[in-house]
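Please examine the following protein model together with this briefing.

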Amino acid sequence: MTTGPARGRVVPSWTEPLVASASRLVGGPLGRHALVGRARFWTPLRVVLLLAVVTLAVGWFAKAPCLQQYRAADGTLALDWQNNRQYVAMCYSDTVPLYGIERLDDPTAIPYRDAWVDGDGAQHFMEYPVLTGFYQWGAARLTDVWQSLPLPSALPVVVYFDLVAVGLALCWLVAVWSVVRLRPDRPWDAALVAVSPLVAVHAFTNFDALAVALACGGMLALQRRRPVLAGILLGLGGAAKLYPLLLLLPVVLVAVRRRDVGPAVRVLVAAAVAWLAVNLPVALAWSDGWWEFVRLNRIRPADPDSLYYALSYFTGWSGFDGPLRADEAPNTLNAVSAALLIVACAGLVVLAAKAPRPPRLASLAFLVVAAFLLVNKVWSPQYSLWLVPLAVLALPRWRLLLAWMAVDALVWVPRMFYYVGPGAKGLPPDWFLGAVLLRDAMVVLLCVLVVRTVLRPATDPLRAATAAADPDWPMRRPSQHAAPRVAVGQSPKHG
């Protein structure tokens, strides 16, 4: 039993005005002489995980309208996506259409090996990175097993969605657990990851929770002085979605500034080995299928989610490449996007070099991922999940982060009604693209504030009251041969 908060523990009702105001519903902020640490079961970790479970359940119920079934005219059971239900009910998930489109419903089809032909006669393969592709395939085969057993069942695509959702929910719980462990003195910050509106809206929109879990696990492994495991997890994350590989640059920059390059080298080597171990067998065996992800990203034009599309719409600009034919790659746009990312990474290098103290890994990680999203030609809605744990680790300011997450999540509403179209009582593009620009502006604001904490460490919530080292970087173990430290005015004791 302890009196007051544990030593070094940050109490949100003392430090966060939003939490202090909300705490009035239950009697106000924690008292200075409150007894803390008496609950044996309801630890901060378990409370935060429970909050995450509740939010994930809300996310599943939000997608549930798209799992409804009905009897077609011929008497067969079908998925009820009539009258744009997936958009009007705002329950759309890529998981459902991809089950049939990518032949996941065919037990004989293997991703990357077997192609399918669309209505225009074009050949296609699995369009996702290898780990995500086989995650989908594995869930589809589990669906076959489920359907073969005497268990409660539904349409195969509904069972498939539910199995995918269970796996993605577990992945997000891993991400939440990792954030709690990364901030033992600020465990309640992870509640922002647990209850984020973005999780309620997008946890099951696509498969990004898998990469987020691997990225967060990699950062935790690095903090725990296990750089090889960290590299393996980041490499696997890069085999699921490419963004975890972006975290390798901050790892290198922090290592150079701290003059501790050993962990960074081990992380880089392990990440390369892990990524190759997943990708090389598929690339060698089925090269056409493996290249599909690269090919589609090369020929993909600017999506409505991107700054380029929004600027083009509001200004009448025809884009860098002008009108494109079907399957014609926007080469100039690709080059501009790549060049801007290189410039952003160069700016990150300069920032790390000019910082008065070695910057925190989480700060640089947030900046590089945010820069990638801002200059990329695609910002699919679920990509914002990438930023949630990094933002909480880099800038744990509750009101600001919740405001950004709420705005980002609400972009989903005009997006869905944009797809319905004004002719079917939807919305014109202006509403959706205006929301996109507002979201981008808020992310830019977060970036500015994170840069400020790097250049002025006194403004960093994690460094304002302490000179502690980067909590995300592994502390060096004291040498066994180091001389004992002796306080001033004392004499060393000899045994």
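**Helix H18 and the model as a whole**

Helix H18 (residues 361-375) contains 15 residues and spans 21 Å from its first C-alpha to its last, close to the 21 Å expected at 1.5 Å a residue. The expected span is 1.5 Å times one less than the number of residues in the helix. Of the 15 residues of H18, 14 are buried, so the helix is mostly covered; buried means under 20% relative accessible area, exposed means over 50%, and partly exposed lies in between (1.4 Å probe, protein chains only).

This is a predicted model, in which local features need pLDDT of at least 70 and side-chain atom pairs count only at pLDDT 80 or more, while totals for chains, interfaces and linings use all residues. Residues are numbered from 1 along each chain as its sequence is written, and side-chain values use heavy atoms, with hydrogens and water left out.

**Overall composition**

- The chain has 22 helices and six strands; helices (H or I, at least four residues) and strands (E, at least two) are DSSP runs, numbered from the N terminus.
- The chain has 495 residues, and buried residues make up 48% of them.
- Among contacts with a separation of 6 or more, 73% join residues 24 or more positions apart; a contact means heavy atoms within 4.5 Å.

**Nonpolar cores**

- The largest nonpolar core has 125 residues, and those with the most contacts inside it are Trp-172, Phe-366, Val-369, Leu-387 and Trp-404. A nonpolar core is a set of buried Ala, Val, Leu, Ile, Met, Phe, Trp, Tyr and Cys residues joined through side-chain atoms within 4.5 Å.
- Helix H7 (residues 156-182) supplies the largest share of this core, 15 residues.
- Apart from this core lies another, of seven residues, including Ala-310, Val-411, Phe-432 and Ala-435.
- Val-369 touches Tyr-243, Leu-246, Leu-247, Trp-386, Leu-387 and Leu-390, when residues up to four places away in sequence are not counted.

**Helix H15 and its surroundings**

- Helix H15 (residues 287-299) has 13 residues and reaches 18 Å from first C-alpha to last, close to the 18 Å expected at 1.5 Å a residue.
- A kink of about 35° in H15 is centred on Phe-293; the bend at a residue is the angle between axes fitted to the seven residues ending there and the seven starting there.
- Gly-289, Trp-290, Glu-292 and Ile-299 are buried in H15, and the buried residues of this helix pack against strand S6 (123-124), H6 and helix H14 (261-285).

**Arg-141 in helix H6**

- Arg-141 belongs to helix H6 (residues 130-148).
- Arg-141 counts as buried because its relative accessible area is 14%.
- The side chain of Arg-141 reaches the backbone oxygen of Leu-104 at 2.8 Å. A polar contact is a pair of N or O atoms within 3.5 Å; within protein, one must be able to donate a hydrogen and the other to accept it, and residues adjacent in sequence count only if both atoms are side-chain atoms.
- Leaving out residues up to four places away in sequence, Arg-141 touches Leu-104, Asp-105, Asp-106 and Pro-107.

**Loop residues**

- Cys-66 lies in the loop between helix H3 (44-63) and strand S3 (69-71), and Cys-66 is buried, with a relative accessible area of 2%.
- Cys-66 and Trp-81 are 15 residues apart in sequence, and their C-alpha atoms are 6.7 Å apart in space.
- Apart from neighbours within four places in sequence, Cys-66 is in contact with Leu-79, Trp-81, Gln-86, Cys-91 and Tyr-92.
- Met-90, in the loop between helix H4 (85-88) and helix H5 (95-101), has a phi near 55°, a positive value in a residue other than glycine. Met-90 counts as partly exposed, at 28% relative accessibility.
- Arg-259, in the loop between helix H13 (248-258) and H14, has a positive phi of about 55° although it is not a glycine. Arg-259 counts as exposed, at 75% relative accessibility.
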